[in-house]
Amino acid sequence: MTAVILQSRLDSTRLPRKALLDLGGKPLLARVMENLRRVDADERILACDPDSAEAFRPLAESEGFRCVVGPKDDVLERFCVAIRSVGATTVLRATGDNPYLFADAAEASLRRFEEINSGAGPGADYFTFSGLPHGSGVEVFSAARLLEAAALTDSAYDREHVGPALYKHPDRFVSVFETAPSPWNAPHARTTVDTRADYERARRIFGFLMRNGLAFPAASPDVLRAWEYASRPVLFVPAATEGVGTGHVSRVTSLARELSADRHCAVYLPGEASRFHERFAGSSVEIVDELPENASLVVLDGFRTSVSDMDRLRRIGPVVALDEGGEGRALADFLLDVIPRVSSRGTVANETDPSYLPLPIARRKTPAPKIRRALAIAGGDNAGGLAYPAARALLALGLSVTVLDPGAKGVSRADDGITVWGTRENLRESLSEFDLVLTHYGFTAFEALAAGCNVLLFSPTLYHYALARSAGFSALPFGKLSPKNVRRALSRDLRAPPVVTPLSVQKSLKDRIDQLSRAERVRCPLCGADSPIVSFRSDDRSVAECSECGMRYLAFRVNPISAYGPSYFFEEYRAQYGKTYLEDFESIKKQGARRIATIDRVFSSAHRDHGRSEKNVLDVGCAYGPFLSAARDAGWSPYGTDLSPDAAAYVADELKIPSCAGSFPENLSEGFAGRKYDAITFWYVIEHFRDLSSALSKARSMLSDGGVLALATPSCAGVSGLFSPKSFYRASPVDHYTIWDPRSVRAQLARYGFTVARVVSTGHHPERLPMLVGRRIPRPARSLLMALSRAFRLGDTFEIYAVKNGEGDIVL
C-alpha cells in the first residue's frame with residue numbers, strides 16, 4: 001500500500017500560521033493537498049500535531065486527506081503513527097510549505113523506487129531526486145524500514161527531519177539519490193514557503209499562472225517559468241523630476257508594460273514622481289516608492305546620475321544605464337546609449353544603437369523637395385519654455401506651423417495662426433506629416449529622422465548643443481533661437497547623423513533588456529571585492545580592474561558559457577588549430593617536457609638541503625594528458641583531473657595515469673583531494689575559475705611545504721593587450737573570468753602564501769604589432785623582432801612558477 005503523508009503544523013517560527021495564509025483564494029496548506037491529489041496513491045494523510053488538528057481537520061477532509069495526529073516535536077514518530085494507522089508499505093513524504101511541488105517528479109520517484117526494489121540488486125530503503133527546486137521535491141521510503149530506523153535513533157535531527165533516520169546511516173540502510181532529469185533540474189530555484197519573502201514570491205507565482213491562463217496545480221515547466229518571473233524582478237528607475245523631460249518615464253512605461261508579461265517588473269516613482277502612477281494602471285507592473293533590497297537587474301533611465309546614487313543602485317543589482325550622462329556613468333555595469341552622446345566626454349558605452357528607439361511605422365518614402373509644414377516641439381515638459389519661441393520663429397519664415405504644448409488639450413488654433421496640439425499619444429506616427437521638425441536633442445530628433453523629416457535642433461542648454469553637434473545634427477547654439485538664425489540654418493543643407501534613416505530596422509529594446517537581465521555580474525574572482533574600474537566595454541561584456549587587488553576580470557557577461565564537452569577537444573580545437581587535440585598530443589607534450597623541467601628546477605632550488613627523488617604532481621584541467629605523460633617521463637608521479645569525463649577516462653585507461661573527472665576544488669574525488677602534492681599545475685585553466693580565491697586556497701592546502709604552483713594564462717601585457725587592447729579583450733573567451741598581468745602577479749599570489757620564483761613570457765607574435773599587421777616580414781627582421789619581443793616580455797601568454805611559503809603566511 002502506498003501512502004502520501006503530508007506533514008504540517010501551525011506554529012512555524014519564521015512565518016507563524018503560514019499553513020493558513022491565503023494563496024489564490026485557498027489556504028496554502030489546501031493548495032499543497034490539491035497538488036498532491038495528482039499523485040496516484042492508496043491513502044493520503046495529513047500528519048499534524050495536536051495544537052493544529054482543530055484547524056487542519058476540515059481542510060484535510062475537504063481535500064480528501066485523512067487527518068492523523070502525532071507528537072509535535074517528534075515528527076519521525078508522527079510518521080510512524082500515520083504508517084501504522086493505515087498499514088502503509090511505501091511512503092511518499094511531502095511537507096506543508098511546498099505548494100509548488102512537482103507532481104510529475106513525485107510520481108516518477110514512486111516508479112523509480114519500485115523499479116529499484118524489483119530488480120536483482122540490493123534495492124533501496126530511501127529514494128529521492130536531487131537537483132529539484134528547493135520546495136518541489138519529495139522523498140520515498142520503505143515504511144517498514146522507517147519504523148525500524150525510528151526504533152534505532154535518538155538523534156534530535158533524525159526525529160525532526162525524518163529522512164535522515166535512513167540516509168544518515170548508510171551502514172544500516174540503502175539510500176539512492178539520483179540526479180533529476182533536465183526538465184526538473186533547477187537547484188537554484190526556491191519554491192518553498194518558509195519566510196515572508198517566500199510567501200510573497202509564492203503569491204507572485206500564483207498570479208503569473210492565473211494571468212497566463214495556466215491552471216493550478218500547474219505543470220512543472222509552468223512552475224519554473226512562473227518562478228523565473230517572480231524571483232528575478234527587473235527594477236526600472238526613470239528620471240521623473242521636473243525639468244528633465246518626460247521621455248525617460250515614457251520609455252520606462254513602455255518597457256515595463258511589455259516586459260511584465262514574462263517578468264516581474266517594478267518601477268521606482270517616489271515623491272513628486274507619483275504623478276506618473278496612472279500610466280501603469282491596469283498592468284501587472286508594481287509601483288514602489290522605496291528602493292528594494294535586491295533585483296535581478298536595475299534599468300536606470302536617468303539623466304545625470306551621481307556617483308553616490310549609482311553606487312546605491314549597484315548594491316541592489318547589476319545596473320544597465322540607458323543614455324546616462326552623469327558622473328556615475330563609469331560605474332554602471334552595462335551602458336546602453338540609444339541615442340549618441342558627446343564623443344569626447346566620459347565613458348564609452350557598451351552599445352550605441354538608435355534602432356532601439358520606438359521608431360515610427362509611418363515614414364516618408366522620399367524627402368520633401370521644399371519645406372512648407374513644420375512642427376515645433378520642446379519635449380513633454382516644454383524644456384526651457386522654448387516650444388512657442390520655436391514655433392514663432394518658424395511662423396516668421398512663412399511656414400505652416402504646429403506646436404506641441406503639453407499643457408493644452410486636444411487640437412486648437414492660436415490667434416497668430418499656429419496649430420496647437422496637446423499631449424499626443426504616439427506622436428512619432430504623426431511626424432511624417434511634417435517637412436521639418438524643430439526640436440532639441442532627444443528621442444524625437446531621431447524618431448523624426450526615421451520618419452524621413454528634415455531636422456533642425458535648438459539648444460535649451462549648452463549641454464544639449466554639445467550633444468547635438470557631437471551626434472552630427474545641424475543645431476542652433478544655446479540662446480540663439482531666432483527667426484534669423486533658423487532662416488540661416490535652413491538656407492544651408494541640414495546635417496543629420498546617418499545612424500537612423502527611413503530604412504532603419506526597428507530593434508526590440510524590451511528583448512535586449514530581457515537578455516541583459518539574465519547576464520552575470522561577477523565580483524573580483526581573486527579577492528571578492530566589488531569595486532570595479534571598468535576598462536573595456538563591448539556589447540557582450542564589461543572588463544574591469546579590481547581597485548583592491550589589481551586583477552583584471554570579466555565583471556559583466558551577457559552571453560552564457562558554452563558547454564564543455566568532447567567537441568572542445570575535437571571540432572572546436574580543429575577549427576582553431578587545424579587538427580584535433582589528440583592529433584596535436586606530441587606537440588603539446590613537448591611543451592609539457594619544458595614545463596616539468598622548469599618545475600623540477602624550481603622545486604630542487606626550494607629543497608636544496610633535503611631534495612626528494614620521489615615527487616608527485618597534480619595537473620588540474622589535464623585534458624587528454626600530454627603534460628602528465630611528459631611528467632611521468634621526467635620521473636614524476638602524475639595525477640590528473642578534468643571536467644570532461646571522456647578526457648579523464650582516456651588518461652586513466654589509455655595512458656594508465658591516475659585521473660578523475662570533476663571540478664576543482666569542490667568535486668575532487670577523495671583519493672585525490674586527501675593527499676599532498678609536490679606540484680600542482682593549471683595550464684590555461686586558472687583563468688576559468690569564477691571563485692579563484694577558493695581554487696588558490698585549496699591548491700595551497702594540498703601542496704607540501706615548498707611545493708610548486710605552476711600555471712600558464714593569457715597576458716594583458718603582451719603585444720596584443722598593449723597595442724590592440726580592444727581587439728584583445730573582445731577576443732578573450734567569455735569563460736575567462738580573470739585576465740592576468742605578469743607585472744602584478746607577484747603581489748597577487750603573495751596574498752595566498754606563494755612566492756613567485758620565475759615568470760616566463762611565451763606566445764610571441766611580433767607580427768601583431770599594429771605597424772606590421774598584414775605585412776610580409778623578412779626572416780632576419782623576424783628573428784630580430786622575436787628577440788626584442790622576448791627581451792621586453794611582450795608574449796601574449798606567460799607562465800608562472802611559484803613556491804608555497806611556510807604555514808600561516810596567507811594575507812587575504
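My entries follow, starting with the ground rules.

**Ground rules.** I am looking at a predicted model, where local features need pLDDT of at least 70, side-chain atom pairs count only at pLDDT 80 or more, and totals for chains, interfaces and linings use all residues. Residues are numbered from 1 along each chain as its sequence is written, and side-chain values use heavy atoms, with hydrogens and water left out.

**Overall.** I looked up the secondary structure and got 27 helices and 34 strands for the protein chain. Helices here are DSSP runs of H or I with at least four residues, strands are E runs of at least two, and both are numbered from the N terminus. The C-alpha trace spans about 100 × 90 × 45 Å along its principal axes. Of the 812 residues, 55% are buried; that is under 20% relative accessible area, with exposed over 50% and partly exposed in between (1.4 Å probe, protein chains only).

**Helix 1.** How many residues of helix 1 are buried? I get nine of nine over residues 28-36.

**Helix pairs.** Two packed helices are described by the angle between their axes and the distance between the axes. I note that axes are lines fitted to C-alpha atoms, for helices over the stretch in contact, and angles run from 0 to 180 degrees between N-to-C directions.Helix 8 (residues 196-211) packs with helix 9 (residues 220-231) at about 120 degrees, axes 8 Å apart. That makes helix 8 oblique to helix 9, since under 35 degrees counts as roughly parallel, over 145 as roughly antiparallel, 65 to 115 as roughly perpendicular and the rest as oblique. Their crossing is right-handed, meaning the near helix is turned clockwise from the far one by less than a right angle.

Helix 10 (residues 247-259) and helix 16 (residues 509-516) pack at about 70 degrees, with axes 9 Å apart. That makes helix 10 roughly perpendicular to helix 16. I have this crossing down as right-handed.

**Ile205.** I found Ile205 in helix 8. Ile205 counts as buried because its relative accessibility is 1%. Ile205 and Ala647 are 442 residues apart in sequence and 42 Å apart in space, C-alpha to C-alpha.

**Leu643.** Buried or exposed, I asked of Leu643? Leu643 is exposed, at 53% relative accessible area. Leu643 sits in the loop between strand 28 (636-642) and helix 21 (645-653). With Tyr564 and Tyr568, Leu643 forms a nonpolar surface patch of about 300 Å² accessible area together. Patch residues have over 30% relative accessible area and no salt bridge, with nonpolar side chains (Val, Leu, Ile, Met, Phe, Trp, Tyr) joined within 5 Å and like charges within 9 Å. A salt bridge is a side-chain nitrogen of Lys or Arg within 4 Å of a carboxyl oxygen of Asp or Glu. Accessible areas come from Shrake-Rupley with a 1.4 Å probe, and for residues only the protein chains shown count as cover.
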